[in-house]
Amino acid sequence: MELRRSVLVPYAAEAMFDLIEQAETYPQFLPWCTGATILERNDEWVAARLEFSYLKLRFGFQTRNPKRRPEWLSVRLVEGPFRHFRGDWSLTPLGGNGCKVEFALSFEVSDGVFGRIAGPAVDSVARAMLDAFVRRAEATLTQFAPAQGAAEAAGQTRRPDASPAPTGAPPDRMLLAWPAGAVPAQPVACSETAMTSPAPALIDALRASPLAQDLTPEQVAVLAGVVRLVPFDGKALLAREGSTDSRLYVIVEGALSVVKHLGTPDETLLATLNAGDFAHELGFLDGAERYASLVAARDSKVLVLEREQLESLLDSHPRIVYRVMCAIVRTVHRIQSRLAMQATELTNYIVKQHGRY
């Protein structure tokens, strides 16, 4: 497996290098990382052992990494469940406009049952890494961001072209990670096969949602690694009545309709869910069949969280899982309380009318 990615960030190369080199902080923000121990550190090397847990699969490995601050750091495997493992971080200063961070990884897991299980896990962790470092920088390195006025005075923001990937390697990927008020004047071109990345819009939507009401900014950044922000056109079918899945939907913009007997003469609108509402929270918890279909009432944006993805954080970030589950249970309790009050009011009405409607 080979992976190449790059990103432009408005932070000093020295600051980004230190963030990458300080492996002991990885469990605080890197999804599925449960432990990190520094074994050796000097001006030329840093050695560490990292532990990961992904969907109840635990694996760890030890590396000894040559480095030259702030230009590059190479990850070299000492021991672990891999036939081959090599990572390379490269940082290029962009004057007063931050730096370009490039990450290349190639690995091959060992044979056997562990190898077949660990392959997807390592791939998921690797693909989430650069995004996690960008979010960590946004949360901790704001003092290194260049002033907006400097970019405006220059007339445009520097933007080097992405370096070509070696023959046979997946295409390089260029991301933008500029905070509000420091958006480059020129867009960055991406390959059509570039992988998607959690955008700042995802972080903002998650922060504003009930899911994250008890989470710190760092915890929100971790949760964003397992949540998707998905746009739906009006009348799009999100889920069909009678189906089963483990997805929780949180409406960010627009509205979703809960419809019984969709597409039949008996079609009935049961409810309209608006921004901030949850959908399929009970099925998310217990996998029950959907009582009704879920349809976009108009163009909408929805946070989608799968139970398996949330469970993948149990070992590395149990407090995040606990607080997300508390948010879901609060919503379910609120719905049950409202239904109980409505049932009581209906009963009182019937008694007062002596059974006459």
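Val 75 has Gly 87 in strand β6 as its bridge partner. The structure is a predicted model, in which local features need pLDDT of at least 70, side-chain atom pairs count only at pLDDT 80 or more, and totals for chains, interfaces and linings use all residues. Residues are numbered from 1 along each chain as its sequence is written.

Strands are DSSP runs of E with at least two residues, helices runs of H or I with at least four, both numbered from the N terminus; two strands pair if DSSP finds at least two bridges between them. β5 and β6 (residues 82–93) pair in the antiparallel sense over five bridges. Two residues separate these strands in their hairpin, where Gly 80 takes a positive phi near 160 degrees. β5 (residues 72–79) is also paired with β4 (residues 57–68), in the antiparallel sense and over four bridges. Lys 67 has Leu 73 of β5 as its bridge partner, and the hairpin of β4 and β5 has three residues between the strands.

In helix α1 (residues 13–21), seven of nine residues are buried, that is, under 20% relative accessible area with a 1.4 Å probe and protein chains only. Among them are Phe 17, Ile 20 and Glu 21.

Two cavities of 30 Å³ or more were found, a cavity being a set of points on a 1 Å grid over the protein atoms alone where a 1.4 Å probe fits but cannot get out.

Methods:
Side-chain values use heavy atoms; hydrogens and water are left out. Buried means under 20% relative accessible area, exposed over 50%, partly exposed in between (1.4 Å probe, protein chains only). On a 1 Å grid over the protein atoms alone, a cavity is a set of points where a 1.4 Å probe fits but cannot get out, and a pocket is an open set with protein on both sides within 12 Å along at least five of seven lines; lining residues have an atom within 4 Å of a point. Grid points are joined across faces, edges and corners, and a volume is the space filled by probe spheres set on the points.
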